[in-house]
Amino acid sequence: MTTSTTPATAVQGLPGLMMDIPLTVHFILEHAIRNHPRREIVTRRYDGSSTRFTYAEFGARVAQLAHVLAELGIAPGERVASFAWNTQAHLELYYAVPCIGAVLHTTNIRLFPEQVAFVLEHADDRIIFVDDTLVPAMHKAIAAKPSLAEKIFVVMGNAPHEPLPNERSYEALLSGKPETYAWPTVDENAAAVMCHTSATTGDPKAVLFSHRSQVLHAFATAFADVFALRQRDAILPIVPMFHVNAWGLPYTAIMCGSKLVFPGPRMDPESLYTAMAEDSVTFSAGVPTVWLALRDYLKATGKSLPALDRIVIGGSACPPALFDDLQALGIEVIHAWGMTEMSPIGTVNYKKGELTNEPAAARRARRLKQGPFSALVQWKVLDDDDTPIAQDGIARGELWVRGFAVARQYYKNDEATAAAFKDGWFTTGDIVTVDAEGYMEIVDRSKDLIKSGGEWISSVELENTLMGHPLVREACVFGVKHAKWLERPVAAVVLRADAVGDEVAIRAWLGERVAKWWLPDRIVFLDAIPRTGVGKFLKRDLRERYADLLADA
Ligand code: AMP
């Protein structure tokens, strides 16, 4: 007699006879703690000391945290926020929250207090896990939105701080809880993590990652021609865990059974160097600004990181000089491009160029591109007439993507969804070329955002604020190249008739209305702002005209 198991959904054709096990974060957790129980997780603390746990101990703590969440009444689908650096406790949240079926909302600690309040309200988080050293920033968010005081705050770490409302201690909550948990079966399409990203105008937009997308993303980024992660790697994620899941590393690294080294709140070059040197870190990832600082530190001190084998640079284009300097130090540079909406990996430029017989200069130029597309994404590039461009490395157009780990809409934001998602594709707002070998290069950006040191600044918000100045008739804000931050805002201003402009006074006025790091580095005065045929600001012209304005900065 033969038996058959009918899959949950009707299959056309002959059903495959493989097990139908959901792709969930719990699968990664269980694999890791059973098969790599002695692997280490290290966290550097605010005072320079560090904690060390094995995967087995980590697994026990994740179970304890799950008991805490259950006792606090967190139901499947409910949101739980983190406001934290890269630490083991943050990693515990990355597993415990999704594994009980709830959603971890990783909140960007660099947002203004009003924006922090907005995202916590938008996600409707009931519990907020806050790092001890970030409590002052959370107090500011509560001052901006007093109703936040009704949430439950759990503080991680024991650095002295002014207590938050309803504050609980993370360690006290975990203490004595059982070290195993009867994990529920979670649907692979259920939400696991939520992350807000900046909008051109208005409030941040939320991307809601499913378990399935995160597991597939972890598999695809571990590949040899992607991050090439191995058990023997020691991985230090510099990219924050509130920036698209530290590019997936909390899941990918644990899935691969690698050692993890978390830098905690100390992100200065010397602390990063010490963390890497003491634990022989082999792999790391972060935006160019941190690598520029670390490169300068290594050059100035003559120190080296012999164990550091390869690093991923992304979030902004990798400056050619940085690429050369790090390669010369024996550190393999992997240039990558991605987006919050893509979990984030889209392209990864790992050595593929060396497989061809190119001269060295051509190979270097190719490796400075954003790179070949991941197996996770399908892509097309459309010109202004919505016609696919030639794949010749010259024709340019807007990049559209779709795939296993690409969002299909934003959470509770129909307007932003309608603007960004079209015909089953996500429109990236990046203007690119793709060459015959499949290497994508970003040549421009159609979205009105400026990326400074890895964080977004909205040019439209700055323009609207500036146009509220009594002397300003028109203002156009655009990004200009900067050695340290890669891009900084510059404002072109047209004054009202007979008004007399004063850069210092207008900057001071603006400084009272926007966060300090948003303030344009320069304000230039023009008679008119160049426009397109349909009357939009021609920012490309201004970017070209003032390309060297901040060269001496
Ligand atoms: P985010 O969602 O904050 O990760 O930002 C995604 C955007 O950052 C992309 O759409 C690009 O505009 C930019 N970006 C990311 N990686 C790179 C890169 N390697 N080179 C140039 N721009 C990048």
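Mentor: Helices here are DSSP runs of H or I with at least four residues, strands are runs of E with at least two, and both are numbered from the N terminus. Keep in mind that this is a predicted model.

Trainee: Thanks! So where is P344 found?

Mentor: P344 belongs to the loop that links β14 (332–338) with β15 (345–349).

Trainee: And the peptide bond from S343 to P344, is that cis or trans?

Mentor: That bond is cis, and its omega is near 5 degrees.

Trainee: Let's talk backbone angles. What is phi of W247?

Mentor: For W247, phi is near 55 degrees, which is a positive value in a residue other than glycine. You'll find W247 in helix α8, residues 244–247.

Trainee: Is W247 buried or exposed?

Mentor: W247 counts as buried, because its relative accessibility is 9% and the cut-off for buried is under 20%.

Trainee: What about phi of K412?

Mentor: K412 has a positive phi too, near 45 degrees, and again this is a residue other than glycine. K412 sits in the loop between β18 (397–403) and α14 (414–420). With 57% relative accessibility, K412 counts as exposed.

Trainee: Switching to sheets: what is the strand order in the open sheet of three strands?

Mentor: The order is β24-β25-β26, and the pairing is mixed. β24 (472–482) and β26 (522–525) are the edge strands; each has a single partner strand, so one side of each lacks a neighbour in the sheet. From one strand to the next, the twist averages 25 degrees.

Trainee: How many bridges join β24 to β25?

Mentor: There are 10 bridges between β24 and β25 (residues 486–495), and the two run antiparallel. As an example, C476 has A492 in β25 as its bridge partner.

Trainee: Which helix lies across β24 and β25?

Mentor: That's helix α15, residues 459–466, running at about 145 degrees to β24.

Trainee: Now the inside. Which residues touch the most other members of the largest nonpolar core?

Mentor: L69, Y95, F129 and I254 do, in a core of 92 residues. Helix α3 (residues 88–99) supplies the largest share of this core, eight residues. Another core, of 26 residues, lies apart from it, and L236, V261, L298 and I311 are among its members.

Trainee: Back to F129: what is it in contact with, leaving aside its neighbours within four places in sequence?

Mentor: F129 contacts a set that includes L65, L69, V80, F83, L93, M156 and Y170.

Trainee: I like rings. How many aromatic pairs are there?

Mentor: The count comes to 15 aromatic pairs. Take Y181 and W183: their ring centres are 4.8 Å apart and their planes are at 50 degrees, so the pair is tilted. Y181 counts as partly exposed, at 21% relative accessibility. There is also an aromatic cluster formed by F58, Y94, Y95 and Y251.

Trainee: Y95 turned up in the core as well! Which ring does the charged end of R61 sit over?

Mentor: The charged end of R61 is over the ring of F53, 5.0 Å from its centre.

Trainee: And what lies over the face of Y439?

Mentor: R366 does, at 5.0 Å from the ring centre. Y439 is in strand β21 (residues 439–445), and Y439 counts as buried at 1% relative accessibility.

Trainee: One last thing: how far apart are the C-alpha atoms of Y439 and V348?

Mentor: They are separated by 9.3 Å, with the two residues 91 apart along the chain.

Definitions and conventions. Residues are numbered from 1 along each chain as its sequence is written. This is a predicted model: local features need pLDDT of at least 70, side-chain atom pairs count only at pLDDT 80 or more; totals for chains, interfaces and linings use all residues. Side-chain values use heavy atoms; hydrogens and water are left out. Two strands pair if DSSP finds at least two bridges between them. Axes are lines fitted to C-alpha atoms, for helices over the stretch in contact, and angles run from 0 to 180 degrees between N-to-C directions. Contact means heavy atoms within 4.5 Å. Buried means under 20% relative accessible area, exposed over 50%, partly exposed in between (1.4 Å probe, protein chains only). A nonpolar core is a set of buried Ala, Val, Leu, Ile, Met, Phe, Trp, Tyr and Cys residues joined through side-chain atoms within 4.5 Å. Rings of Phe, Tyr and Trp (its six-membered ring) pair if their centres lie within 6.5 Å; planes under 30 degrees apart count as stacked, over 60 as edge-to-face and the rest as tilted. A charge sits over a ring if NZ of Lys or CZ of Arg is within 6 Å of the ring centre and within 35 degrees of the ring normal.
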